[in-house]
Amino acid sequence: MNNYKASCRCGNVRLSFSLPVKTVVQCHCQDCRRMQGSDYSTWVAVADSQFSLDSGDEYLSKYELKQSSKSFCSACGTAVYGVNGRHFKEHKVIPLGIVENYSDDIKPQIQVYTEFKAPWTELHGRVPVFPRK
Ligand SMILES: [Zn+2]
Ligand SMILES: [Zn+2]
């Protein structure tokens, strides 16, 4: 039963996922800033078994790195999901911005790489910061 739906800008790629999610992360690293084109990225990690690509497989393009990848719609360019094999094996990471129905169940739970945050970005006081060793 997939109760959250997400889609790209043009609507060709549609996916869904169900609770409970693994975590919801706000990441301030430079890779995320570049790939999302925004100050920081917010994404939800969902177990593969709770994730479904419902339509648009033929539109997906993939950018692959060693342990990770990012899939995006080749028609509109929207990032739709990624794989982070280093930190979240057997999960998909989905940009929160493409989710169609929000609720507190998928609100941000942790902020990471805050030492790399853009100078103008204010950290969210209610979201804990991951402690760096
Ligand atoms: Zn699209
Ligand atoms: Zn990042």
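A residue counts as buried if 20 or more other C-beta atoms lie within 10 Å of its own. Keep that cut-off in mind as we look around this predicted model.

**A residue on the inside**

Let's start with Val-44, which sits in strand β4, residues 41–47. Is Val-44 buried or exposed? It has 25 C-beta neighbours inside 10 Å, so Val-44 is buried. Who does Val-44 touch, once we leave aside its neighbours within four places in sequence? The contacts are Val-21, Val-24, Ile-94, Leu-96 and Ile-106. Ala-75 is another story: its C-alpha atom is 23 Å from that of Val-44, and the two residues are 31 apart along the chain.

**A three-stranded sheet**

Next up is an open sheet of three strands, ordered β1-β2-β5, with antiparallel pairing. At its edges are β1 (4–7) and β5 (51–55), each of which pairs on one side only. From one strand to the next, the twist averages 25°. Strands of a sheet pair through backbone hydrogen bonds, and they can do so parallel or antiparallel. Here, β2 (residues 14–17) is joined to β5 by four bridges, and Leu-15 stands opposite Leu-53 of β5.

**Around strand β8**

Now for β8, which covers residues 79–84. How many of its six residues are buried? Five are, so the strand is largely enclosed by the rest of the structure. Strand β8 pairs with β7 (residues 68–73) in the antiparallel sense, and also runs antiparallel to β9 (residues 88–95).

Both pairings are hairpins. Between β7 and β8 there are five residues, and in this hairpin Gly-77 takes a positive phi near 85°. The hairpin of β8 and β9 has three residues between its strands. As for residues facing each other across the strands, Phe-72 stands opposite Ala-79 in β8, while Asn-84 stands opposite Phe-88 in β9.

| Strand pair | Bridges | Residues standing opposite |
|---|---|---|
| β2 and β5 | four bridges | Leu-15 and Leu-53 |
| β7 and β8 | five bridges | Phe-72 and Ala-79 |
| β8 and β9 | two bridges | Asn-84 and Phe-88 |

Notes. Residues are numbered from 1 along each chain as its sequence is written. Chains are lettered from A and ligands numbered from 1 in the order in which they are written. This is a predicted model: local features need pLDDT of at least 70, side-chain atom pairs count only at pLDDT 80 or more; totals for chains, interfaces and linings use all residues. Two strands pair if DSSP finds at least two bridges between them. Axes are lines fitted to C-alpha atoms, for helices over the stretch in contact, and angles run from 0 to 180 degrees between N-to-C directions. A residue is buried if 20 or more other C-beta atoms lie within 10 Å of its own, exposed if 12 or fewer, and partly exposed in between; C-beta atoms are placed from the backbone. Two residues are in contact if their C-beta atoms, placed from the backbone, lie within 7 Å.
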